[in-house]
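Please read each one with the structure open beside it.

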Amino acid sequence: MMKIINVVKDFNSKPYGRYEEDGLGAGVYFREILAKELRDNTTVKVVLTGYNRYGRSFIDEAFGGLIREDGFTKSELDKKLSYEHSDVKSIESLIADRIEAAEIDRLNNK
């Protein structure tokens, strides 16, 4: 089964920050939701359209954190996770970059 998560509609209209102290829109909270959905569904698509100011800290925690904190591998994420932002393609590139960096760290720390 495929699960679609629209960040702005299903999570927070202004996602921001990394940690709990950054507020309810923090990446750590989104990562918890995303990790659960990745475990419970065959594939998960994250729609980021509707907000254009995603910070690096939010993206790194939400997506890179899947590898660092939740035990996923890049290979698993490549198979199960897709994401899109119809207006700001650089956000998609940032997500790919943060996943790649987390995977490199994981492999270097084995």
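**Notes on the sheet, the core and selected side chains**

1. Lys3 has Val44 of strand 2 as its bridge partner, and Val44 in turn stands opposite Leu81 in strand 3. Helices (H or I, at least four residues) and strands (E, at least two) are taken here as DSSP runs, numbered from the N terminus.

2. Before going further, please keep in mind that this is a predicted model, in which local features need pLDDT of at least 70 and side-chain atom pairs count only at pLDDT 80 or more, while totals for chains, interfaces and linings use all residues. Residues are numbered from 1 along each chain as its sequence is written, and side-chain values use heavy atoms, with hydrogens and water left out.

3. The sheet to which these strands belong is open and has three strands in the order 1-2-3, with parallel pairing, where two strands pair if DSSP finds at least two bridges between them. Its edge strands, each pairing on one side only, are strand 1 (2-6) and strand 3 (81-84). On average, and with direction ignored, neighbouring strands of the sheet are turned by 15 degrees against each other; the axes behind this value are lines fitted to C-alpha atoms, for helices over the stretch in contact, and angles run from 0 to 180 degrees between N-to-C directions. Strand 1 and strand 2 run parallel and are joined by five bridges, whereas four bridges join strand 2 to strand 3, again in parallel.

4. In soluble globular proteins, nonpolar side chains tend to be buried together. The largest nonpolar core of this model has 26 residues, and those with the most contacts inside it are Phe30, Leu34, Val46, Ile59, Phe63 and Leu81. Such a core is a set of buried Ala, Val, Leu, Ile, Met, Phe, Trp, Tyr and Cys residues joined through side-chain atoms within 4.5 Å; buried means under 20% relative accessible area, exposed over 50%, and partly exposed in between (1.4 Å probe, protein chains only). Two or more residues are given to this core by each of helix 1 (7-11), helix 2 (27-40), strand 2 (43-47), helix 3 (56-68) and helix 5 (89-108). Helix 3 supplies the largest share of the core, six residues.

5. Which residues does Ile59 touch, not counting those up to four places away in sequence? They are Leu48, Tyr54, Gly64, Ile91, Leu94, Ile95 and Arg98, with contact meaning heavy atoms within 4.5 Å.

6. The structure holds seven aromatic pairs. The rings of Tyr54 and Phe58 have their centres 5.8 Å apart and their planes at 40 degrees, so the pair is tilted. Rings of Phe, Tyr and Trp (its six-membered ring) pair if their centres lie within 6.5 Å, and planes under 30 degrees apart count as stacked, over 60 as edge-to-face and the rest as tilted. Tyr54 is buried, with a relative accessible area of 8%, and Phe58 is buried as well, at 0%. Both residues belong to one aromatic cluster formed by Phe11, Phe30, Tyr51, Tyr54, Phe58, Phe63 and Tyr83.

7. Asp60, in helix 3, is buried at 7% relative accessible area, and its side chain makes a polar contact of 3.2 Å with that of Arg68. A polar contact is a pair of N or O atoms within 3.5 Å; within protein, one must be able to donate a hydrogen and the other to accept it, and residues adjacent in sequence count only if both atoms are side-chain atoms. Beyond its neighbours within four places in sequence, Asp60 is in contact with Arg18, Gly65, Arg68 and Arg98. Arg31, in helix 2, is buried with a relative accessible area of 8%, and a polar contact of 3.0 Å joins its side chain to that of Glu61.

8. Finally, please look at helix 5, where Leu107 is found. Leu107 is partly exposed at 45% relative accessibility, and it lies 34 residues from Thr73 in sequence and 9.6 Å from Thr73 in space, C-alpha to C-alpha. Ile104, also in helix 5, is partly exposed with a relative accessible area of 41%.
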